[in-house]
Each structure stands twice: as structure tokens, then as C-alpha cells.
There are 2 protein chains.
Amino acid sequence: MSGAGQKAPFSALGPGAEFDLIRRFLERGEAPAGAGADTVLVGPGDDCAVVDAGAPLALSTDLTVEGVHFRREWLAPEEVGYRATAAALSDLAAMAATPVAVLVSLGLPPERKEEATALMAGVRRAAHDCGAAVIGGDLSATAGPLFLDVVVAGAAPRPVLRGGARPGDGVWVTGWLGGAAAAVAAWLEGGVPSALARTAFAAPVPRLREAQWLARRLELSALIDLSDGLAGDAAHLAAASGVAIELEPQSLPLHAALGAGSEAARRMALGGGEDYELCFAAGDEAVRELAPEFTAAFGIPLTRVGAVRAGSGVTILGAGGQGELRQPPAGFRHFDGTAP
Amino acid sequence: MSGAGQKAPFSALGPGAEFDLIRRFLERGEAPAGAGADTVLVGPGDDCAVVDAGAPLALSTDLTVEGVHFRREWLAPEEVGYRATAAALSDLAAMAATPVAVLVSLGLPPERKEEATALMAGVRRAAHDCGAAVIGGDLSATAGPLFLDVVVAGAAPRPVLRGGARPGDGVWVTGWLGGAAAAVAAWLEGGVPSALARTAFAAPVPRLREAQWLARRLELSALIDLSDGLAGDAAHLAAASGVAIELEPQSLPLHAALGAGSEAARRMALGGGEDYELCFAAGDEAVRELAPEFTAAFGIPLTRVGAVRAGSGVTILGAGGQGELRQPPAGFRHFDGTAP
């Protein structure tokens with residue numbers, strides 16, 4: 001669904017305690033009857049909001065907190081800045097928007113203020129890689145863990161939302177899944193991730209050019225980026241579109257860091273978050289036809305991982321029968337103490 | 001100086017260790033040679049950055065951290081949300097911009113997640129008071145103190161920057177100064193602030209309508225909002241404009257919470273931060289002529305507090321002689337441990 005010029009309601013989120021809290025956090029966030037009322041093209045709940053600022057501008061903010069989204073010993077400060085910014089820019093990819101500008105607020109323990117320069121170097125690297133300028137920010141000491149809040153703005157003449165998936169569409173993903181989760185799993189087990197897995201976690205590539213390429217050539221009915229994991233993000237897409245999604249674990253493009261296609265590897269590719277690949281719904285025929293050209297252009301595959309059906313929720317089609325996904329994967333349940 | 005259509009460099013900041021760190025934090029933040037390059041009208045260092053999104057859009061982000069910007073026992077959660085958002089919106093006032101949208105990222109200790117609803121009610125109240133919609137945000141647990149990062153976007157067809165003050169201009173402020181500092185002082189001494197002082201701290205009013213009114217009627221050569229305190233913010237304005245500013249403590253419009261015009265009261269009005277009044281440079285004649293109409297419209301005074309001279313830095317003209325302000329007031333030196 002293209003949202004330019006039409007006002008979208010609050011996009012529904014999938015199940016989970018974390019999302020209950022986010023729902024409450026953003027509910028009643030609609031435009032008031034003032035200046036803002038006419039200018040909000042897409043409200044809360046999608047990957048970005050979109051305001052009419054002469055032309056449609058997508059805005060999003062993405063928070064990274066040490067001890068929640070990463071542990072200090074996993075990443076160098078420059079990588080922390082890069083990764084936080086890449087994750088924020090991925091929200092622009094999820095709207096098929098073109099990055100314009102980045103602002104960053106940094107909370108830093110006073111005894112670690114020498115890290116600010118490296119953190120900002122990482123922020124700038126991620127922004128400049130995508131053609132965006134770092135135009136502002138804020139800085140404060142904190143008695144708690146380091147955090148970065150990265151704000152992104154991008155031109156979004158024809159934003160692709162989460163809410164337009166239709167029964168009969170195929171569900172497709174870019175790239176490979178589970179690499180970041182493999183790194184986190186290795187760290188949590190006290191080990192050292194492989195270089196491949198570590199890179200997937202520390203240096204994700206926001207799929208901005210890929211999203212624009214796809215949006216120009218295909219009628220994408222819904223688009224989201226994979227930050228919460230395929231199962232969780234498919235649930236958001238299903239809820240926003242008012243449809244059911246069936247996922248086929250046997251079809252998942254497993255990241256090379258996962259090794260052989262074991263059951264554990266598929267679980268990681270299905271449930272692990274922060275791959276920052278794209279997931280979209282579209283007619284299968286058209287995608288199949290374009291897939292070789294996509295791979296030639298970007299060096300990554302397009303893979304069909306499931307289908308849109310009438311109904312609601314996400315169903316995982318398993319070798320040993322099928323079952324509805326009853327709870328979201330653990331990675332993003334920040335308030336349950338299950339996060340890194 | 002009006003910045004629309006002309007590219008502004010990094011605005012210079014006044015002296016102080018805190019600003020050294022912010023300078024480093026934002027330096028080399030110019031637009032890259034990519035998509036962002038043509039669209040950044042005002043870069044880092046002013047109250048907001050301005051991007052060309054079809055029409056000029058001002059963007060700013062403002063961070064509030066518990067234990068740095070306020071203490072938990074001082075404010076109710078709703079007030080924390082309101083105050084953080086009002087402070088962010090004040091940056092739009094400082095550009096004479098019209099608020100459009102607010103996004104907010106919230107870091108919350110897991111055991112305090114029930115505060116999210118009240119915090120967001122405060123955010124919405126501040127936003128809706130100014131005609132802005134709350135269009136998005138992010139939420140994370142944190143093992144540290146609560147924090148909010150509030151992003152504001154506003155239409156800025158003719159942004160007024162910090163950098164255009166000219167020798168011969170008068171320096172003027174809206175409203176009364178020192179009220180918020182009086183509340184902080186009372187709390188830090190273990191007392192209870194007066195209702196007047198507490199309101200000044202807990203419920204500042206971003207001077208958005210006032211700024212637009214002034215910008216329509218006057219040629220404002222420079223404009224800033226008073227977040228760091230008059231002396232500190234005048235130093236930013238002087239540095240950005242490449243001029244000196246003389247401040248006259250005897251002229252300051254003392255907040256009623258400060259009681260009689262003692263030396264201590266004047267120090268508080270001069271150095272205390274977070275009044276969120278406006279400070280601007282303009283020709284005295286024109287301002288004097290408009291002042292009664294301004295007061296009739298908004299119920300607050302316009303007061304001349306000093307003058308722009310050739311040179312650099314801020315000079316405080318004292319009864320007992322005059323001296324250059326050698327260090328910024330303590331309120332905003334977050335990394336020195338002198339903040340609340």
C-alpha cells in the first residue's frame with residue numbers, strides 16, 4: 001500500500017508483552033486539531049512516520065541501549081555508533097525512502113567521555129555510506145549505561161507501508177537470515193562468534209538501494225525490515241494488514257554463519273532479530289521474474305519464505321506438523337530480562 | 001540572519017568544557033557528497049538543523065536524563081514528559097518555526113514500566129498545546145536512570161539563526177528569568193520551592209507564538225532560546241555571530257519567584273538555565289515601539305538586557321565594575337558533576 005496523500009491510522013503491531021507496552025506508549029498519538037493535523041501522512045506504528053513538509057518526509061527514531069541491544073564487551077565504540085545508525089537507517093529502507101539527514105542523541109557515563117569521538121565516527125560512517133548528512137544531536141552525561149538515540153529523515157515520495165499485504169501474495173526476504181543471532185548466541189554461551197557472524201551483528205547493511213530498486217520495479221503490497229526477527233516482524237506485517245502469514249522454515253535463506261541447515265539454525269533464522277534484511281509481500285510471479293536481476297545487482301538473493309492467507313497471526317509450517325507461533329522470539333523482550 | 005536557501009556552516013558555540021565536548025561530538029558533521037548534500041539548509045550548531053524537504057523543515061532533538069536534568073523526587077512522571085517535550089519545542093521557537101510533529105524515545109527501568117503512560121500523557125500535552133502531533137518513537141528498558149529523547153519537526157520557511165547579531169543591536173529577552181533556577185536552588189538546599197518557582201521549572205512554556213509574532217514584525221538579526229542560562233546562551237549567540245555581547249544585570253526581568261532584586265537574584269537570572277524564554281538581537285528603536293503590543297498580546301514583557309558590540313565574548317556590566325564572564329554557569333556542566 002502506498003501511503004502518500006492518504007492518512008494512515010495507527011498501524012497494528014503483532015503479539016507480545018513488549019508490543020503491548022509500545023502500543024500503550026504510542027496510543028492516542030494521532031494528530032491534534034492544530035498545525036500538525038494536516039501534515040501527518042503516516043502516523044505511529046509503521047517503520048517510519050511520514051509528514052508532509054512540502055514533499056513527504058519519513059521520520060523515525062531508533063534507540064540503542066548498552067546491556068539491552070548489545071553488551072559493552074561485544075563491540076568497539078565505533079561499531080556501536082555504526083550499528084545504531086545502520087539500524088535507524090534500515091527503518092527508512094522499510095519505507096522505500098531515501099535518507100537525507102541523521103541526528104543523534106548520546107547518553108554517556110562521564111568517565112567514558114573519550115568514547116564520544118569514536119561513537120560519532122561510526123555514526124558518520126553509517127550515515128555517509130547512505131548519502132545522509134549528520135545535522136545535529138544532543139549529548140548528556142548519564143549515571144547509567146551508554147545509549148544512543150538515532151533520528152533519521154528521508155524523502156519518501158511513495159512510502160511502502162506494512163498494511164497492504166493481500167491473501168495470495170508471496171512473502172519474500174532479501175539476503176540471508178540468522179547471522180546476527182548466531183553472533184549473540186556465541187557470545188551468550190561464553191564463546192567467540194565467527195568472523196562472519198560477528199560482521200552480521202556489528203556491521204549490518206541497511207537495504208536502502210535494494211528497497212528503492214524493488215519499489216520501482218514491483219508492486220510491493222507491504223514492506224518491513226527485519227529488526228525483531230522474521231517471525232516477529234511477519235506478525236507485525238500480518239497485524240497491520242489484517243491477514244494471516246504462513247512461514248516455511250524449510251525455505252529460509254540461512255546465513256553462512258549458521259553452518260548446516262539444522263533445526264537449530266532454522267530456529268535462529270526464524271526467531272533471531274537484527275538481520276536488517278527486508279521482508280515484503282508481493283505477487284510471486286513478478287518477484288520470481290525479477291529475482292535474478294536483483295541478485296546480479298546486489299549480490300544477495302531474494303527468497304520466498306511464505307505466503308499471505310486470509311485470517312490473522314503467523315503460522316510456522318513445520319516438518320513435524322504445523323503450529324501457530326504463540327510467543328515472539330526472546331531477543332526483543334527488553335522488559336522481561338531476556339535480552340542480551 | 002535568515003538561513004533559508006543559503007547553507008550555514010557549523011554554528012560556533014560559546015566557551016565551556018561541556019561545549020568543547022559537544023563541538024567534538026558534532027564536528028565534521030557536514031553534508032557528504034550524496035543525497036543529503038543539497039538538502040541541508042542549516043547544519044549542526046544552531047537550535048535546530050533545517051533540511052529542504054520540499055519546503056524548509058527544522059529538526060532538533062533534546063535529551064532529558066534523570067539525575068542530570070532533574071531528580072526523580074522533583075517531578076511527577078507526567079511533568080517529566082511535559083517538560084522534556086516543552087524544552088524540545090523551545091528549540092523550534094528559537095528558529096521561529098511552527099511545530100508539526102514530535103517523536104519520543106524513552107529509556108525506562110523495567111521495574112518502572114508503569115510510568116510510561118503518564119510520561120507519554122505529558123509528552124502529548126506539551127505537543128498538542130503547540131499544535132504538533134506525536135507521530136512515533138521508540139522504547140527500551142535500561143539498567144540506568146530514566147531518559148527521554150524528544151525529536152521535534154517544524155515548518156521553518158524563514159528560520160532565524162544565531163549568527164546574525166550586529167554591533168549596535170540591542171539584546172532583548174521575553175518574559176522573566178531565574179524562576180527555574182530558584183526552584184532548583186530550593187531543592188538543592190533541601191527545601192521546597194515556592195509554587196511559582198516550581199511551575200517555572202516543571203511547566204515551562206515554549207515561546208512559539210511569541211517567536212513567530214516577533215519574526216513577522218521585526219527584523220531579528222539573531223534568535224536563541226534560554227536553555228543554558230542568559231550568560232551562557234548569550235555566549236553562544238556572540239560566538240555564532242562573531243561579536244561581543246554586554247549584559248546589564250541591573251536590567252534583567254527577575255522572575256517573581258526570586259523575590260527582591262538582590263545580587264543573588266540577579267546572579268540566578270543571569271546564570272540559571274532552563275527558563276526557555278527567547279533572547280534576540282534587533283534594532284532597539286523598533287523593539288521599543290512594539291513592546292507594548294507584545295505585552296498586550298502575550299501577557300509577558302520584552303526587556304532590553306544588553307547590547308551587541310564589536311569583539312568577542314560576553315561581558316557582564318556590574319555595579320562594582322565590570323568583568324568578562326570567565327566560565328559558564330554550573331547548571332549545564334553535566335560532565336563535571338555539578339548538575340542536579
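This is a predicted model: local features need pLDDT of at least 70, side-chain atom pairs count only at pLDDT 80 or more; totals for chains, interfaces and linings use all residues.

I started with a pair in chain B and noted that H6(B) passes H9(B) in a right-handed crossing. For handedness, a crossing is left-handed if the near helix is turned anticlockwise from the far one by less than a right angle, and right-handed if clockwise. Residues are numbered from 1 along each chain as written, chains are lettered from A and ligands numbered from 1 in the order in which they are written, and side-chain values use heavy atoms, leaving out hydrogens and water.

**H6 and H9, chain B**

I looked up the geometry next: the axes of H6 (residues 208–217) and H9 (residues 284–298) of chain B come within 11 Å and cross at roughly 150°. That makes H6(B) roughly antiparallel to H9(B) (angles under 35 degrees count as roughly parallel, over 145 as roughly antiparallel, 65 to 115 as roughly perpendicular, the rest as oblique). Axes are lines fitted to C-alpha atoms, for helices over the stretch in contact, and angles run from 0 to 180 degrees between N-to-C directions. The residues of H6(B) that meet H9(B) include B:Trp213 and B:Leu214, and among their partners in H9(B) are B:Leu290 and B:Phe294; contact means heavy atoms within 4.5 Å.

**H4 and H5, chain B**

Which angle do H4 and H5 of chain B make? I found about 110°, with the axes 7 Å apart, for H4 (residues 179–188) and H5 (residues 195–202). That makes H4(B) roughly perpendicular to H5(B). I noted that their crossing is left-handed. B:Trp187 of H4(B) and B:Phe201 of H5(B) are among the residues making the contact.

**H2 and H3, chain B**

H2 (residues 77–93) and H3 (residues 116–129) of chain B pack at about 35°, and their axes are 6 Å apart. I wrote down a right-handed crossing for H2(B) and H3(B). One of the contact residues in H2(B) is B:Leu89, and H3(B) brings B:Val123, among others.

**A look at chain A**

I counted nine helices and 13 strands in chain A; helices (H or I, at least four residues) and strands (E, at least two) are DSSP runs, numbered from the N terminus. Of its 340 residues, 65% count as buried, meaning under 20% relative accessible area (1.4 Å probe, protein chains only).

How values were computed. Buried means under 20% relative accessible area, exposed over 50%, partly exposed in between (1.4 Å probe, protein chains only).
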